[in-house]
Amino acid sequence: MMEAIWTKIGYALASLFLIFNYGLLLIGVTMKIIARVHGRIGPPIWQPYVDILKSFSMRTAVSHGIMFYLGPVFRLAGGIGLYLLIPAVYGSTWLQNFSFSGDLLLVMYFIFFGMLGMALGAGEGGHPFSAMGIMRGLSQVTASEVPFALAVIALAAQHQTLSITEIVAAQQGGIAHWNMVTNPIATAAGMLAYLGMMMHAPFNVHMAPQEIPVGPPTEYNSSFLVLLQSNRSVFAAAKLILFMNLFFGGATSIVEMVIKTFLIFQFCVVVGVVFPRFKVEQSVRWLLKAPTLIGVLAVLIYSF
Amino acid sequence: MDDKELKQIMEEGFNAQDYFCDARPRVVTPVANKIVRKFYNWAQANSLWILAFGTGCGSIELPPLYTARYDVSRYGIFPRPTPRQAGVFIISGYLSVKTLKRVIRSYEQMQNPKFVLGLGSCTVNGGMYFDSYNTINRLDYYLPVDVYIAGCMPRPEALIAGFNELKKMIKQGKAEGANQYAENFDWYKANQKKIIKDWDLPEYNW
Ligand code: SF4
């Protein structure tokens with residue numbers, strides 16, 4: 001029994017290490033791609049590593065109190081918790097993580113969890129821009145949770161399960177079994193909600209640099225920032241894996257996982273490059289209109 | 001707001017410690033281990049975050065840096081809108097006394113190590129505003145400057161050359177402005193107070 005727990009912990013750490021590096025490289029590659037689209041040379045793809053190291057090597061740090069410490073910890077816990085509940089590679093022993101039946105509900109909670117922790121931390125920072133950023137971020141994530149929840153309910157009704165592993169299992173056997181094909185309406189709702197969740201343009205008003213300096217993390221510096229930067233890679237990768245599992249058939253090998261999540265990520269990047277930023281009321285309104293209606297439709301189909 | 005009022009607010013209104021610092025900045029020596037120190041310096045040099053704060057006409061030279069033509073991101077240089085996270089402060093030209101106040105506050109809020117680039121002749125000796133009633137003449141009386149970039153106005157290429165110079169200094173461990181400021185804190189404060197007549201800043205910002 002003890003041995004099983006230790007192996008599990010070992011697997012979890014290895015899996016986290018993999019996703020952390022993958023997330024950082026993903027961000028680096030994407031910065032490069034965006035730069036090339038702009039006709040620039042762009043930063044090297046290992047730039048996110050250097051940035052983290054730089055923040056870590058700062059000699060002083062300012063804290064504003066206990067919640068200020070806990071904010072980034074909650075945020076990182078949200079990202080890691082989310083990742084560890086999702087099977088990254090279907091059928092793999094060590095990348096299966098701690099997926100269990102009913103994890104879908106917990107996952108939806110964890111997407112929100114980090115944001116709430118960050119609200120407490122950034123609030124104690126006392127900077128008005130942090131408070132504004134948090135308020136905007138929370139309303140936007142709440143709005144995008146509505147179509148996402150509807151899409152998830154539709155999937156749960158379709159497969160009669162609340163386990164991500166089972167949903168992935170049901171999609172094995174070729175592209176024709178993917179939920180993208182078998183349930184296109186839920187996929188549409190889910191992928192539109194995904195745009196709102198990824199915090200890229202047009203849904204990044206809560207950290208708009210020209211308007212409110214970087215939003216919630218305004219007061220965070222040095223090692224606190226390291227936690228937030230690490231979370232950025234883990235959380236983004238975890239969300240990508242979640243959507244891959246829900247709609248695009250999951251992955252049976254690391255290579256497949258990398259290709260699929262990379263393409264899913266490029267979807268929000270391309271949308272972000274093409275469309276300008278929404279104001280917060282515009283984005284909430286947008287998310288509660290078309291995506292939510294599509295989500296309702298997806299649920300209705302399965303309730304009759 | 002005079003000192004007494006400020007003190008009153010700080011004592012009654014809120015937990016002052018959360019928002020103002022009650023201690024002088026201190027000298028923090030770099031890591032003792034030589035290999036680690038070199039590694040950290042390398043990281044510092046290759047990830048420079050500029051504080052988005054333009055002061056004089058030279059600030060018009062900053063936006064082109066991010067465009068396709070000059071693209072400083074390839075050197076690991078990015079804009080950062082908050083002093084808590086930024087590491088490089090570019091004083092982009094003449095500095096009026098009013099702006100100097102904000103510059104001091106922002107500079108003190110940046111974390112150690114931090115670097116200052118003086119852009120344009122105005123920061124060196126006052127430039128064409130040398131006899132103006134409301135600008136300062138020599139920047140390094142008020143803040144420790146790592147690199148000066150002379151010219152009126154210097155082109156973005158000159159700025160990039162300045163960045164490369166700064167990088168060299170950081171890698172050699174010579175860009176210790178933050179510690180220099182802490183060491184000579186009284187001297188800098190005295191100079192600042194001499195020129196800022198209506199001093200209403202907190203004595204210490206982090
Ligand atoms: S050096 Fe010239 S261009 Fe720069 S701020 Fe002074 S007057 Fe303006």
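Salt bridges come first: a search of the whole predicted model turns up 10 of them over all chains. One of these pairs the side chains of A:Arg40 and B:Asp71, with N and O 3.3 Å apart. A:Arg40 sits in the loop between H1 and helix H2 (47-56) of chain A, while B:Asp71 sits in the loop between strand E1 (48-51) and strand E2 (77-80) of chain B, so this pair ties two chains together. Both partners are tucked away, A:Arg40 and B:Asp71 each counting as buried.

Another bridge links the side chains of A:Glu219 and B:Arg84, at 3.1 Å from N to O. This pair also crosses between chains: A:Glu219 belongs to the loop between helix H8 (184-197) and H9 of chain A, and B:Arg84 to the loop between E2 and strand E3 (88-92) of chain B. With a relative accessible area of 7%, A:Glu219 is buried; B:Arg84 is buried too, at 6%.

Within chain B, B:Lys168 forms a salt bridge with B:Glu165, and here the closest N and O atoms are 3.8 Å apart. The two are 3 residues apart in helix H6 (residues 156-171) of chain B, so about one helical turn separates them. B:Glu165 is partly exposed, its relative accessible area being 37%.

Back on chain A, helix H9 (residues 222-247) carries A:Gln229. That glutamine is buried, with a relative accessible area of 13%. Leaving aside residues up to four places away in sequence, A:Gln229 touches A:Asp51, A:Ile52 and A:Ser55, plus B:Trp49 from chain B. Helix H1 (residues 2-38) of chain A, in turn, holds A:Met2, which counts as exposed because its relative accessibility is 52%, against a cut-off of over 50%.

Among contacts in chain B between residues at least 6 apart in sequence, 78% join residues at least 24 apart.

Terms used:
Residues numbered from 1 in each chain as written. Chains lettered and ligands numbered in written order. Predicted model: local features only at pLDDT ≥ 70, side-chain atom pairs only at ≥ 80, totals over all residues. Heavy atoms only, no water. Helix = DSSP H or I, 4+ residues; strand = E, 2+ residues; numbered from the N terminus. Buried < 20%, exposed > 50% of the residue type's maximum accessible area, 1.4 Å probe, protein only. Contact = heavy atoms within 4.5 Å. Salt bridge = Lys/Arg side-chain N within 4 Å of Asp/Glu carboxyl O.
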